[in-house]
Amino acid sequence: MQEFTVDQGSVGVRADKFVAAQYPQFTRSALEALFDQSLVKVNDKTAKPAHKVKSGDRVIVDETLIKLDPPKIDLPIIYEDENVVVIDKPPGVLTHSKGALNLEGTVASFVRPKVKELEGNRAGIVHRLDRATSGVIITAKNPQTLSKLQKQFSNRKAKKVYLALVEGSLDPPEAIIDVPIARNPARPQTFKVSSSGKPAITQYKVLKTFADKDKTYSLVELKPQTGRTHQLRLHMAYIGHPIAGDPIYGHSNDDRLMLHASSLEITLPTSERKVFEAKLPKEFRDV
C-alpha cells in the first residue's frame, strides 16, 4: 500500500488524474486497472475515477498490480544467435505493453531475459506487429543490433511480405496502392486515408480467389514499401477489399484478423543477408 495526502494544489482534481500524477511512469489509461479492481481508496472508501479529491484527503493505492511481473509465455523461435531472436508471433500476443504496466506476456517480456543493456517495456523491440497479426518478428539482444536493424526498417532496406485473406475478387489482380495515411481524430486509435497524412505504399498480388460459405475471398501477397501503423488493413479496405476478420476497417465475422507476416528479409550485424519465414497458420489453411 502507498498513501498520498492531497495538498491545496490538487483540490478538485479527479482521483484518476491525481493517482496518475503520482505514477508518471504509467499512462493514465494503464492505471485504469487500479480503479477497475477497486485498488484505490480515498479516506478508506473505494474511489471511482471521477471522484474529486479534497484538501487533506488520504489517497491509498494498492500497488500489488503495478508491481507484478508479466506472466511467462513461450513463443516459437524461428532463429536465434548472439544478436537477434526471430519469433513466429501467434495472433493475440502483443508486441510490447502499452505502458510500464505489464499485465500480460508479450514478445518484449519473452525476450527480456535475453536482452542486454536495454531497459523498459520495449527492450529489444525492433518493429511491431498488431496484436491480431501473426508471423515473423525480429528482436535485438543489444543496443548495437537494435540500432542497425531499426535503420534498415526506416531506410526501407528490410523487405517484408505478408499474406492476407481479403474480401472479394480484386481487379486488377496486381497493383500498387499509393495513398497517404493519417491518424483519425474522431477515433484516435485508428487511421484514415488523408491527403495531409504520411506517404504509404503497398504492393499487392492475388495468389488465389475462391468461394467460401457463399462469399468470395482472395488470398493476396502484400509487400509494404512503407511501415505505417495499420497500413495494410487500411489500404485494403480503401480499395474495397478489407482483410477478413478486421473489426476496425472491415467486418469481424471471422475468428481472427486474417493477416500474417510470412517473411522478413534483413541483414544481420554479421553482414549476412537472411530471409526468415513463418508458415501459413492453420486458420488460413483451413479456409
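User: With a relative accessibility of 3%, does phenylalanine 276 count as buried or exposed?
Analyst: This is a predicted model, where local features need pLDDT of at least 70 and side-chain atom pairs 80 or more, while totals for chains, interfaces and linings use all residues. Residues are numbered from 1 along each chain as its sequence is written, and side-chain values use heavy atoms, leaving out hydrogens and water. Buried means under 20% relative accessible area, exposed over 50% and partly exposed in between (1.4 Å probe, protein chains only). At 3%, phenylalanine 276 is buried.

User: How many aromatic pairs are there?
Analyst: Rings of Phe, Tyr and Trp (its six-membered ring) pair if their centres lie within 6.5 Å; planes under 30 degrees apart are stacked, over 60 edge-to-face, and the rest tilted. By this rule, the count is two.

User: What kind of pair do phenylalanine 4 and tyrosine 23 form?
Analyst: Their centres are 5.8 Å apart, with 85° between the planes. Tyrosine 23 is buried at 5%, and phenylalanine 4 is buried at 15%. The pair is edge-to-face.

User: And what kind is the pair of tyrosine 79 and phenylalanine 276?
Analyst: Tyrosine 79 is partly exposed at 22%. The ring centres are 5.2 Å apart and the planes stand at 40°, so the pair is tilted.
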